[in-house]
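Here is a short report on one protein model. Keep the sequence and the coordinates to hand while reading.

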Amino acid sequence: MADLAELLRTLLAVTARQKTRVRLGGNLFDVVVTSSGFQARAAAAVMDEVQGEGGCGPVVEDTRDHLFYWLVPPGTTRRWKPHTHAVCLGEPFRIMLPSLDTTVSPVEPGPYWFRPSASDRLVPAGPLWRTLAEFRPEPTPHAAFAARLGITP
């Protein structure tokens, strides 16, 4: 029951156009993290074609950390093969999503919807993996995540 209550609070915050912290995994989505440079933007253009009408999405860009957060189907972390240019995260991690009306790069560095969220659409993980392998967005997020998680080589 607590999980259901948390999910309802999250959905209400998002529909009320507030930024909100969302738990990854479960029935919502996992996240693939890449840099947000030129190669990642080219990959987004290819994914627009893959997903067809309405383009790819949803994708959040964080202009502070120069990262893309590609929202992919829940459970992707269990199937995601190691990737040299992307990290896939699910439970127990959380992500801060921007307000649904934040669809242009903010004046102050921070997150916005690079590709807006649509209730019926997530980025397909298989085509995304292959596209990222082709475009190889740099710098890779692995070292930054290792440092944040306290993992040393």
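The model is predicted.

**Aromatic pairs**

The structure holds 2 aromatic pairs. The table lists each pair with its geometry.

| Pair | Centre to centre | Angle between planes | Class |
|---|---|---|---|
| Phe68 and Trp70 | 5.6 Å | 80° | edge-to-face |
| Phe68 and Phe114 | 4.6 Å | 40° | tilted |

A plane angle over 60 degrees counts as edge-to-face, and one under 30 as stacked. At 40°, the Phe68 and Phe114 pair is therefore tilted. This pair links distant parts of the chain. Phe68 sits in strand S4 (residues 67–72), while Phe114 belongs to strand S7 (residues 111–115). The two are 46 residues apart.

Through these ring pairs, Phe68, Trp70 and Phe114 join into a cluster. How buried is Phe68? Its relative accessible area is 0%, so Phe68 counts as buried. Trp70 is buried too. Phe114 has a relative accessible area of 15%, and is therefore buried, since the cut-off is under 20%.

Lys81 lies over the face of Trp129, 4.9 Å from the ring centre.

**Nonpolar cores**

The largest nonpolar core has 19 residues. Which of them have the most contacts inside it? They are Val32, Val59, Trp70, Val123, Leu128 and Leu132. Helix H2, strands S4 and S7, and helix H4 each supply at least two residues of this core. H2 gives the most, with 4 residues.

Another core lies apart, with 14 residues. Among them are Leu24, Phe29, Leu67 and Leu89.

**Helix H2**

H2 covers residues 38–51, which makes 14 residues. At 1.5 Å a residue, H2 should span 20 Å. Its end C-alpha atoms are 20 Å apart, so the two values agree.

Which residues of H2 are buried? They are Ala40, Ala42, Ala43, Ala44, Met47 and Gln51. Against what do they pack? Their partners are strand S2 (30–35), S4, S7 and helix H4 (125–135). An α-helix has 3.6 residues a turn, so residues three or four places apart point the same way. Just after H2, Gly52 takes a positive phi of about 75°.

**Two buried polar residues**

Gln51 is found in H2. Its relative accessibility is 16%, so Gln51 counts as buried. A polar atom of the Gln51 side chain lies 3.0 Å from the backbone oxygen of Leu122. Leaving out residues up to four places away in sequence, Gln51 touches Cys56, Gly57, Arg121, Leu122, Val123 and Pro124.

Ser99 lies in the loop between strand S6 (94–97) and S7. Is Ser99 buried or exposed? At 9% relative accessibility, Ser99 counts as buried. Its side chain makes a polar contact of 2.3 Å with the side chain of Asp101.

Conventions. Residues are numbered from 1 along each chain as its sequence is written. This is a predicted model: local features need pLDDT of at least 70, side-chain atom pairs count only at pLDDT 80 or more; totals for chains, interfaces and linings use all residues. Side-chain values use heavy atoms; hydrogens and water are left out. Rings of Phe, Tyr and Trp (its six-membered ring) pair if their centres lie within 6.5 Å; planes under 30 degrees apart count as stacked, over 60 as edge-to-face and the rest as tilted. Buried means under 20% relative accessible area, exposed over 50%, partly exposed in between (1.4 Å probe, protein chains only). A charge sits over a ring if NZ of Lys or CZ of Arg is within 6 Å of the ring centre and within 35 degrees of the ring normal. A polar contact is a pair of N or O atoms within 3.5 Å; within protein, one must be able to donate a hydrogen and the other to accept it, and residues adjacent in sequence count only if both atoms are side-chain atoms. The expected span of a helix is 1.5 Å times one less than its number of residues. Contact means heavy atoms within 4.5 Å. A nonpolar core is a set of buried Ala, Val, Leu, Ile, Met, Phe, Trp, Tyr and Cys residues joined through side-chain atoms within 4.5 Å.
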